[in-house]
Amino acid sequence: MSDITYHLATIDEVPEFHKFFAYTINELFGDYSKETQEYFLSKDYDEWWMIKSIKEGSKILYLAKVNNSIVGYIFFGKIYGGVSMASWIAVSPDYQKKGIATELLNLWEQWVINNKGHALQIWTQDKNIEYYQKRGFTHSGQFPSAWFGLTTNLLYKTL
């Protein structure tokens, strides 16, 4: 889709992003309980914390937009010891399977390379393992009953 644009988010975009983030947490991450979803939105990833984290450079946010509306994002951490870890990646259901998530992963990878990192790391559920493997990630292990009781998998990509 040629009408999709991608860019590093600005602090001014965080309020709009946080609304979209809330939508994706509630609609796309249904394996988490409603209580956990609310915890993410009001405690772990509230708007104030996101602004602070982006402003200080500890977190980076890329947005995908269509007609100036957010349709996808990747939210990841700065490089630590050569490695960057993604916290969240999501694409609105209306725009899935159009290459947006793959482009967001590519932007993350390029950002890490440009900032002298050497690896990517992401935790994900079983249903997403194949998607990441097709994009060069290696499944390194499973953490049963991990955060909030969900089983999660560690995948990494050496650059």
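These questions and answers concern a predicted model.

Q: Which element gives the most to the lining of the largest pocket?
A: The largest pocket holds about 1,100 Å³ of space. α2 (34-44), β4 (83-91), α4, β5 (119-124) and α5 (129-133) each supply at least two residues of its lining. With seven residues, the element that gives the most is β4.

Q: How many residues of the lining of the largest pocket are nonpolar?
A: The lining is made up of 35 residues, and Phe29, Ile89, Thr124, Asn128 and Tyr132 lie nearest the centre of the pocket. Of the lining residues, six are charged and nine are polar, and the nonpolar ones number 20.

Q: Is Trp49 buried or partly exposed?
A: Tyr45 and Trp49 form an edge-to-face aromatic pair, 5.3 Å centre to centre with 90° between the planes. Tyr45 has 15% relative accessibility and counts as buried. Buried requires under 20%. The relative accessible area of Trp49 is 22%, so Trp49 is partly exposed.

Q: How many residues apart in sequence are the parts tied together by the pair of Phe76 and Trp111?
A: The ring centres of Phe76 and Trp111 are 5.3 Å apart and the planes stand at 65°, so the pair is edge-to-face. Phe76 lies in strand β3 (residues 69-77) and Trp111 in helix α4, so the parts tied together are apart in sequence by 35 residues.

Q: What is the relative accessible area of Trp111?
A: Helix α4 covers residues 100-114. Its buried residues include Leu107, Trp108 and Trp111. Phe76, the pair partner of Trp111, is buried at 0%. Trp111 is also buried, and its relative accessible area is 15%.

Terms used: Residues numbered from 1 in each chain as written. Predicted model: local features only at pLDDT ≥ 70, side-chain atom pairs only at ≥ 80, totals over all residues. Heavy atoms only, no water. Helix = DSSP H or I, 4+ residues; strand = E, 2+ residues; numbered from the N terminus. Expected span 1.5 Å × (residues − 1). Buried < 20%, exposed > 50% of the residue type's maximum accessible area, 1.4 Å probe, protein only. 1 Å grid on protein atoms, 1.4 Å probe; cavity = no way out; pocket = protein on both sides within 12 Å on 5 of 7 lines; lining within 4 Å. Points joined across faces, edges and corners; volume = space filled by probe spheres on them. Nonpolar A, V, L, I, M, F, W, Y, C, P; charged D, E, K, R; others polar. Phe/Tyr/Trp six-rings, centres within 6.5 Å; stacked < 30°, edge-to-face > 60°.
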